[in-house]
2 protein chains.
Amino acid sequence: MRNICLVIEYEGTNYYGWQIQKRYKTIQGELLKAIKKVTGEDVILYGSGRTDRGVHAIGQVANFNTISRIPVSRFPYALNAHLPRDITVKEAREVPLEFNAQFCAKSKVYRYTILNSTTPRALFRNFAYLVRSKLSIKNIRNGARYLIGKKDFRSFAKDAKEKINTTRAVKRISIKKDSEVITIEIQGDGFLYAMVRGIVGTLLQVGLGKIKPKDVKKILDSKNRRLAGPNVPAKGLCLISVQYEKIKGYPHHN
Amino acid sequence: MRNICLVIEYEGTNYYGWQIQKRYKTIQGELLKAIKKVTGEDVILYGSGRTDRGVHAIGQVANFNTISRIPVSRFPYALNAHLPRDITVKEAREVPLEFNAQFCAKSKVYRYTILNSTTPRALFRNFAYLVRSKLSIKNIRNGARYLIGKKDFRSFAKDAKEKINTTRAVKRISIKKDSEVITIEIQGDGFLYAMVRGIVGTLLQVGLGKIKPKDVKKILDSKNRRLAGPNVPAKGLCLISVQYEKIKGYPHHN
């Protein structure tokens, strides 16, 4: 038995998210079909986490166990031959059996892309959220500072039940502007459902001047989802990378 | 009568190139349909130049004359409302009647994108040419130096008839590498048919070690298309910008 770890890139536009569903095309579903064709096996595929409908990834990580004898270096080629062109396996490595892409994940980096322009751009139509009003990067940066650290992010989560633990650690928020393209990159030890889109939606209101930067702290403390800004659309969101504890043999660490 | 100049971005994947055709969808054809819907007029739309099937643009320039009274600032919104999402008008300006997007063009910048990786990437599937063998950036840069200046580019053109003038001035070739993505940007006063794709195809052979950098000069001097490398695929090519002589009122200059 071998444990195979994949790094996957996909455009989420034409899929109903990561998680397999009976009636709809999903990323996990397409991968499982390709793995079945290559190995003949019905495996369990553990993703680092779900991505919603329309969300993209350049560094999703997933693993599965197999008894097939295909050399691990052949997996990307073999799987890509059976995958649609908008899903690609970039890398495959054999990892220790105790590695699990979901439970061993230490942190993740998400990037949200905003096109701050009065007119749309064809090449960004599925990858950025168009905001026509001028955004203040300075205000966004000042607001984002209140979100760094281990905090209760209940105000930014969707459908968080009262009993669940909504404390997460946000390690870094980097805001970059390159001409009319603004990217907000967030690294955290874990994210609640729709948390990144809630945070970006709130920071957008700060950038528009509708929420004061210092009020981000008030929103956080309120633990009331209704005080935060509306969620931004899925298409601007991309899972950039997943970080893991040092596990011998795991690709990203020694 | 007003002369309206547009800056257009498009993904060429699903079009048969720029130039209008009876049976096939083209960029110019879609723009003319949108202009007709907005102004009611059958105009002549001058593009800075044609782009081939599958080639993209982020800064194509085109102009047309109109007697409509729509404020020029409304044109992007009005046209985008009637255009498919993979073609967008980014800018519209009124320009002097003597401005013509094709004949007044002084130079153009094209960018070719190569994915130099052993595995494909979903997000680059329509925008980069996958080259699995390792490329030497140093060799590509050394080979490219022979192409700078006013020279006869007959060896790099497709279907160039004997009588036509194949001398063009290449002002700049910049080669950049960002991890596994290599871009080759070429600025010239004009380009022969498939010239950029012939040049990049040749530089690829240089990068692969199949042609020596100094042999690029021999290929240039031979004026023989068969000595140059094969054309690279259209999908990696993008028209970045068009430069114009200073014309009062033209958007890109004072």
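Okay, let's start with a crossing: in chain B of this predicted model, helices α1(B) and α2(B) cross in a right-handed way. To place them for you, α1 covers residues 27-39 of chain B and α2 covers residues 75-82 of chain B. They pack at an angle of about 120°, and their axes are 8 Å apart.

So who touches whom there? On the α1(B) side you've got B:A34, B:I35, B:K37, B:V38 and B:T39, and these meet B:F75, B:A78, B:L79 and B:H82 in α2(B). If you sort that contact by class, it comes out as six nonpolar, two polar and one charged residues.

Now over to chain A and its α1 and α2. Here helix α1, residues 27-39 of chain A, packs against helix α2, residues 75-82 of chain A, at about 120°, with the axes 9 Å apart. The crossing of α1(A) and α2(A) is right-handed. From α1(A), the contact takes in A:A34, A:I35, A:K37, A:V38 and A:T39, while α2(A) brings A:F75, A:A78, A:L79 and A:H82.

Helix α3, residues 137-144, and helix α4, residues 195-207, have axes that come within 8 Å and cross at roughly 135°. That makes α3(A) and α4(A) oblique to each other, and their crossing is right-handed. The residues doing the touching are A:N139, A:I140, A:G143 and A:A144 from α3(A), plus A:L203, A:V206 and A:G207 from α4(A). By class, the α3(A)–α4(A) contact has four nonpolar and three polar residues, and no charged ones.

Next up, the two chains together. How many residues of chain A are in contact with chain B? It's 25 residues of chain A, against 25 residues of chain B. Between them the chains bury about 2,100 Å², and 53% of that is on carbon and sulfur atoms. On the chain A side, the residues that lose the most area to chain B are A:R85, A:L123 and A:R125, together 29% of what that side buries.

Last thing, the confidence scores. The model gets an ipTM of 0.91 and a pTM of 0.93. Chain A averages a pLDDT of 95, with 97% of the residues scoring at least 70.

Note on methods:
Residues numbered from 1 in each chain as written. Chains lettered and ligands numbered in written order. Predicted model: local features only at pLDDT ≥ 70, side-chain atom pairs only at ≥ 80, totals over all residues. Heavy atoms only, no water. Axes fitted to C-alpha atoms, helices over the stretch in contact; angles between N-to-C directions. Helix = DSSP H or I, 4+ residues; strand = E, 2+ residues; numbered from the N terminus. Parallel < 35°, antiparallel > 145°, perpendicular 65-115°, else oblique. Left-handed = near helix turned anticlockwise from the far one by under 90°. Contact = heavy atoms within 4.5 Å. Nonpolar A, V, L, I, M, F, W, Y, C, P; charged D, E, K, R; others polar. pLDDT = per-residue confidence, 0-100. Buried area = accessible area lost by both parts, 1.4 Å probe.
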